[in-house]
Amino acid sequence: MSLDQQLTRINVMQPWLGEEEVAAVAAVLRSGWVAQGPRVAAFEAAFAASQEAAHAVAVSNCTTALHLALVVAGVGPGDEVVVPSFSFVATANAPTYVGATPVFADVDATTGNLTPATIATVVTARTRAVIAVDQGGVPLDLRAIRAWCDPLGITVIEDAACAAGSTAHGRPVGAGAEIAAWSFHPRKLLTTGEGGMLTTSRSDWADRARRLREHAMSTSAADRHASVLAPPESYAEVGFNFRMTDLQAAVGSVQLGRLPAMVARRRERAATYAAVVADLPGLRMVADPAWGTTNFQSCWVEVLEDHPMDREELMVHLAEAGISARRGIMAAHRQPAHDHRSHAPLPVTERLNDRTLILPLFHQMTDPEQARVCEALSTAWRP
Ligand SMILES: *Cc1c(COP(=O)(O)O)cnc(C)c1O
């Protein structure tokens, strides 16, 4: 390994931001209106159009989007919400914010996502909703899940935090959802620093979410500002402050324009990884499901029994080459915040949690950088 290779560490993820974002933020600062205002409205409209969603409501992050989704769907104390344990902890936390109980379901071994079968195993008479995650960007078969849940009156909330730019059944992920939550954290593709979005096919849910994110005020702060003699506002229920700022939205609008290029580049690099992994016994890489395409937000590999190293050893091996891989998706039921909950057996979740790692993949990654990762994966077989 050359000296400069030793010095440059390859990160697992880096946001792709440029001068256009800098200019967009500067323009907002110069405008003097930095809180939620016209740029948030413009970003919402652009996001709704790009995701083929009827309504989009920008919020402070995906965790607050999930919280709001549960509120507008009428989920509350005594209700059960089926969630995958195999997800970032926010998915399991959200039901607790409305006094409901998260109930863990196992996931499909190939996609890492819920299926009608894994949901059916844990549904009870108290099940009010399911939070179904497009884990790591891999689209779940929402159509199949809704076909199973809708007749039972179980609301399906799509947690599309990772999945902007993924597709299902020939449409953008989220297009087939009654309600979906999105994240713009830098660990995802499209970023606003922190930020989130709620999309929904229902205008009544969109209207209520729009009010609730802003203290349930009858007129928005932006509308009040626009009038010289502001009308008196009222507060019909207890709301929240889940607003996005115009600074974030201005960045989001630029980022949305970059999304197709980001997805294309990630899919090219993922194809390169997939070709290398196909020649290495003992490794399985995540791939597109039959019904859609992933944005490879998380390009994970499973370290199988016949690999000479286990997942921890392979991570050390990569780290020695200056490559920062990450353990795969977490399992919420194994965390102190949730390990007191009784749950059905979760064998697939536990196996994937123990055996997967996420490979570096980001827009600016160079060919030599990716070649270094591929080389390190290969030398794990001939130490
Ligand atoms: C990142 C993530 C979240 C939380 O998103 P924030 O915007 O950071 O609140 C929720 N669910 C999933 C599946 C995620 O990956």
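A polar contact is a pair of N or O atoms within 3.5 Å; within protein, one atom must be able to donate a hydrogen and the other to accept it, and residues adjacent in sequence count only if both atoms are side-chain atoms. Let us start with one residue that shows this idea.

The model here is predicted, so local features need pLDDT of at least 70, side-chain atom pairs count only at pLDDT 80 or more, and totals for chains, interfaces and linings use all residues. Residues are numbered from 1 along each chain as its sequence is written, and side-chain values use heavy atoms, with hydrogens and water left out.

**A threonine in a loop**

Look for Thr-192 in the loop between β8 (179-183) and β9 (196-200); strands are DSSP runs (E, at least two residues), helices are DSSP runs too (H or I, at least four), and both are numbered from the N terminus. A polar atom of the Thr-192 side chain lies 2.7 Å from the backbone oxygen of Glu-194. Is Thr-192 buried or exposed? Thr-192 counts as buried because its relative accessibility is 8%, where buried means under 20% relative accessible area, exposed over 50% and partly exposed in between (1.4 Å probe, protein chains only).

Leaving aside residues up to four places away in sequence, Thr-192 touches Phe-43, Phe-184, Met-244, Gln-248, Val-251 and Gly-252; contact means heavy atoms within 4.5 Å.

Now step back to the whole chain. Its domain assignment gives domain 1 (3-13 + 258-379) and domain 2 (19-255), with bounds that come from an automatic or database assignment. The contact takes in residues from both domains, as the table shows.

| Domain | Residues in the contact |
|---|---|
| domain 1 | 37 residues |
| domain 2 | 45 residues |

Between the domain centres, taken over C-alpha atoms, there are 26 Å. About 3,400 Å² is buried between the two domains, and carbon and sulfur atoms give 59% of this; buried area is the accessible area (1.4 Å probe) that two parts lose on being put together, summed over both. In domain 1, Arg-258, Trp-291 and Gln-297 lose the most area to domain 2, together 21% of what that side buries.

Across this interface the rule finds two salt bridges, each a side-chain nitrogen of Lys or Arg within 4 Å of a carboxyl oxygen of Asp or Glu. Arg-258 also forms a salt bridge with Glu-20, their closest N and O atoms being 2.8 Å apart. The interface of domain 1 and domain 2 has 25 residue pairs in polar contact as well (both at pLDDT 80 or more).
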